[in-house]
Amino acid sequence: APPAVLSGFSDQPLVIAHRGGRGLWPENSLFAFERASSLDVDMLEMDLRLSRDGELVVIHDKTVDRTTNGNGPVADLDLAELQALDAGYRWSADGGESFPYRGQGVRIPTFAEVLERFPEQPKALEIKVPDVGMEERLCDLLTAHGQRDKVIVASFYDRTLQRFRESCPDVATAAGPGSVRLLVALDWIGLGRTLSPSYQVLQIPPSHGDLRVASPSLLRTAHERGLNVQLWTINEQPEMRQLLDMGAHGLITDYPDRALQLLGRS
Ligand code: G3P
Ligand code: CA
């Protein structure tokens, strides 16, 4: 059976707004999530870190420098300091000619704010820090908001993911990098089907350096194992088309409008 978060969907490929659709509006903001939701995307993707005072906040980079008017590591700033920053400050659609979201009140949200504002919206969460304790805080928040069946949890930290699965065993998770490498290797030697994975979702890039990750064979193997395969970060329609034809179940994209258009949903 598919994990609960995916059970409401038909066979239509999922359109997943990467950081809320960062090509269209300031990434990882309530504003972006609001707009992506009203486009009727299937899922919001977002990145989780911890503030100095231990709050889960939604921001991609290790520092606030690229996306806000502040500077310094997220982990060195308290929540109040993070939320005083302008998270729309650096967003530009024209390579820095104009900054339409400066001074518009866009800020870094806490994860709790996202849970409160979008209780029904499925979400793809990425744990960006390996800090011990992060995974339990996340599990507690999902439990407190009754949203364990509304999320997929991913991370580039295999051990963090493993600890998260122990805290929150019924929550859908994506394969960590070690598991993806194993699946790719087993697939190469024809043993992919012997795997019994601890994850339900495969979130992979089409390629990693010179390595082709999303081969037709890997997608077939993943299908046979009942995995939901989601590709990142796919921004051009020809590549979207090609990956859907290969059997991708979901597209994680900065431009959810393009994916929805391709699928005849806009
Ligand atoms: O969902 C996977 C994708 O989000 C990873 O890339 O750097 O945008 O978090 P990144
Ligand atoms: Ca991410």
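**Helix packing and local backbone features**

Trp188 lies in helix 7 (residues 177–188). Helices (H or I, at least four residues) and strands (E, at least two) are DSSP runs, numbered from the N terminus. The model is predicted: local features need pLDDT of at least 70, side-chain atom pairs count only at pLDDT 80 or more, and totals for chains, interfaces and linings use all residues. Residues are numbered from 1 along each chain as its sequence is written, and chains are lettered from A and ligands numbered from 1 in the order in which they are written.

Trp188 is exposed, with 12 other C-beta atoms within 10 Å. A residue counts as buried if 20 or more other C-beta atoms lie within 10 Å of its own, exposed if 12 or fewer, and partly exposed in between, with C-beta atoms placed from the backbone. Between Trp188 and Val74 the C-alpha to C-alpha distance is 40 Å, and the sequence separation is 114 residues.

Helix 6 spans residues 158–167, and Thr160, Leu161, Arg163 and Phe164 in it are buried. They cover an arc of only 160 degrees around the axis, so they sit on the same side of helix 6. The arc is that of the directions from the helix axis to the C-beta atoms. The packing partners of these buried residues are strand 4 (123–127), helix 5 (134–144), strand 5 (151–155) and strand 6 (172–173). Contact requires C-beta atoms, placed from the backbone, to lie within 7 Å.

Helix 5 packs against helix 6 at an angle of about 40 degrees, with the axes 9 Å apart. Axes are lines fitted to C-alpha atoms, for helices over the stretch in contact, and angles run from 0 to 180 degrees between N-to-C directions. Helix 5 and helix 6 are therefore oblique to each other. Angles under 35 degrees count as roughly parallel, over 145 as roughly antiparallel, 65 to 115 as roughly perpendicular and the rest as oblique. Met134, Glu135, Glu136, Leu138 and Cys139 of helix 5 make the contact with Thr160, Arg163, Phe164 and Ser167 of helix 6.

Two residues have a positive phi without being glycine. Arg19 has a phi of about 55 degrees. Arg19 is in the loop between strand 1 (14–17) and helix 2 (30–39). Arg19 is buried, with 26 other C-beta atoms within 10 Å. Asp40 has a phi of about 75 degrees. Asp40 is in the loop between helix 2 and strand 2 (43–50). Asp40 is exposed, with 11 other C-beta atoms within 10 Å.

Notes:
Contact = placed C-beta atoms within 7 Å.
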